[in-house]
Amino acid sequence: QCIHWCPSGAISEREDIDQVAKALADPKITVVVQTAPATRIGLGEEFGLPVGTNVQGKQVAALRKLGFDVIFDTNFAADLTIMEEGTELVKRITGELHHPLPQFTSCCPGWVKFVEYYYPELLPNLSSAKSPQQMAGALVKTYFAEKNHVEPQKIFSVAIMPCTAKKFECQRPEMISAQTYWQDEQVSPDVDVVLTTRELARMIKRAGIDLPSLPDEEYDQLMGVATGAGAIFGTTGGVMEAAVRSAYYLVTGEQPPAALWQLTPVRGMEGVKEAAVSIPGAGEIRIAVISGLDNARAIMEQVKAGNSPWTFIEVMACPGGCQYGGGQPRSSAPPSDGVRNTRAASLYKIDAQAKLRNSHDNPQIKQVYAEFLTAPLSEKAEELLHTHYISRAEEFDAKKPQSHEYEV
Ligand code: SF4
């Protein structure tokens, strides 16, 4: 079933609400849901609230009313991504890992596919860390299942995302770590279904729930606590800012200076932003933040030519990052930098008001390493939280129109 959101009807979005409703109606199934950083500052717009309103607690309350059994925060997994990706970056810099620099972020499936299509020779530059969505999914069917004595075959894992590309990501054949972990083909993919923010809004409306009037509720524990660093994943530059905070800690063993809690040069809606950060013991790290794939090409050509000055590059396919992703509300907020800046400001406010600002300070992150994963890049972390990429250049060439198709 498709729902059209493009005014001409030329572009359509797959709707997966029925699959989720079926799982919710089955008492034998434990339905676990996670919510991305950016959905909480978009969902309210579907219910008439001002652009950028943070409805985190109301979103949790609505999901409970809809019947979801366990509600986790993808922001927790964003903190975990930082631990894995930040450790990987430090090891590339020190030479412990023989992977090339600059390291590219890898949490945007649109960007990953762009590299697979157009720059397969630069795949080794992509961080092997999975996106927060996929890390959370892998842990739900392993760590959560083990701790709570839930059969992994009976878990249905849902992700609420601001993004239509995430529907593709969860179906990648590599994203079955829990199945491999349990050596059981009855275990379904780590994330069974992705619903966009708009699809969740539709579910809430169809159930007759009045989101704005709901009292705030809390996420479930184990994977329900996040830092400000996890929250800013939802806007362009946020992954970089979060990574730099923890990279500083991983190299020096000390907390990052306050200046790294507001890395102004990588904030804002410009398509290309740059900064340099000095970390004692690692020297100067030059970073670049790209949003919008058009802006990525020039940077990639520089990297390909071997004259890139950067150590770490964040790329997000959507202009402004996930807060303006393809699954976010549209009708109340036609595209503009004003809307993007307002939504981003809401995410920065969550960060500024958070009790904890650094991913490495998250107590539930410390807990998951102590109880389950051991350490970043451990054997188990590699198995569950990291992946590999494939060249799709041939697939792309095969899809390209052949010259005879233009003949008239
Ligand atoms: Fe999805 Fe866009 Fe975010 Fe990439 S930037 S993960 S395509 S919403």
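Helices here are DSSP runs of H or I with at least four residues, strands are runs of E with at least two, and both are numbered from the N terminus. The expected span of a helix is 1.5 Å times one less than its number of residues. This is a predicted model: local features need pLDDT of at least 70, side-chain atom pairs count only at pLDDT 80 or more, and totals for chains, interfaces and linings use all residues. Residues are numbered from 1 along each chain as its sequence is written.

**Helix α11**

Helix α11 covers residues 293–305, 13 residues in all. From first C-alpha to last it reaches 19 Å, close to the expected 18 Å. Leu293, Ala296, Met300 and Val303 are buried in α11. Buried means that 20 or more other C-beta atoms, placed from the backbone, lie within 10 Å of the residue's own. An α-helix has 3.6 residues a turn, so residues three or four places apart point the same way. The buried residues of α11 pack against α4 (109–118), β9 (283–291) and β10 (312–316). Contact here requires C-beta atoms, placed from the backbone, within 7 Å. Gly306 follows α11, with a positive phi near 80°.

**The four-stranded sheet**

An open sheet of 4 strands runs in the order β4-β3-β6-β7, with parallel pairing. Two strands pair if DSSP finds at least two bridges between them. β4 (70–73) and β7 (193–196) are the edge strands, each pairing on one side only. The twist averages 25° from one strand to the next. Angles run from 0 to 180 degrees between N-to-C directions, with axes fitted to C-alpha atoms, for helices over the stretch in contact.

| Strands | Bridges | Facing residues |
|---|---|---|
| β3 (residues 30–35) and β6 (residues 155–161) | 6 bridges | Val32 opposite Ser157 |
| β6 and β7 | 4 bridges | Met161 opposite Thr196 |

β6 is mostly covered, with 7 of its 7 residues buried. Ile155, Ser157, Ala159 and Met161 point one way, while Phe156, Val158 and Ile160 point the other way.

Helix α1 (residues 17–25) touches β3, β6 and β7, and its direction makes about 120° with that of β7. Helix α5 (residues 132–148) lies across β3, β4 and β6, running at about 155° to β6.

**Around the ligand**

Residues around the ligand (C-beta, placed from the backbone, within 6 Å) include Cys108, Cys163, Lys166, Cys318 and Cys322. The shell has 8 nonpolar, 3 polar and 1 charged residues. Ala, Val, Leu, Ile, Met, Phe, Trp, Tyr, Cys and Pro count as nonpolar, Asp, Glu, Lys and Arg as charged, and the others, Gly among them, as polar.

How values were computed. Buried ≥ 20, exposed ≤ 12 C-beta atoms within 10 Å, placed from the backbone. Contact = placed C-beta atoms within 7 Å.
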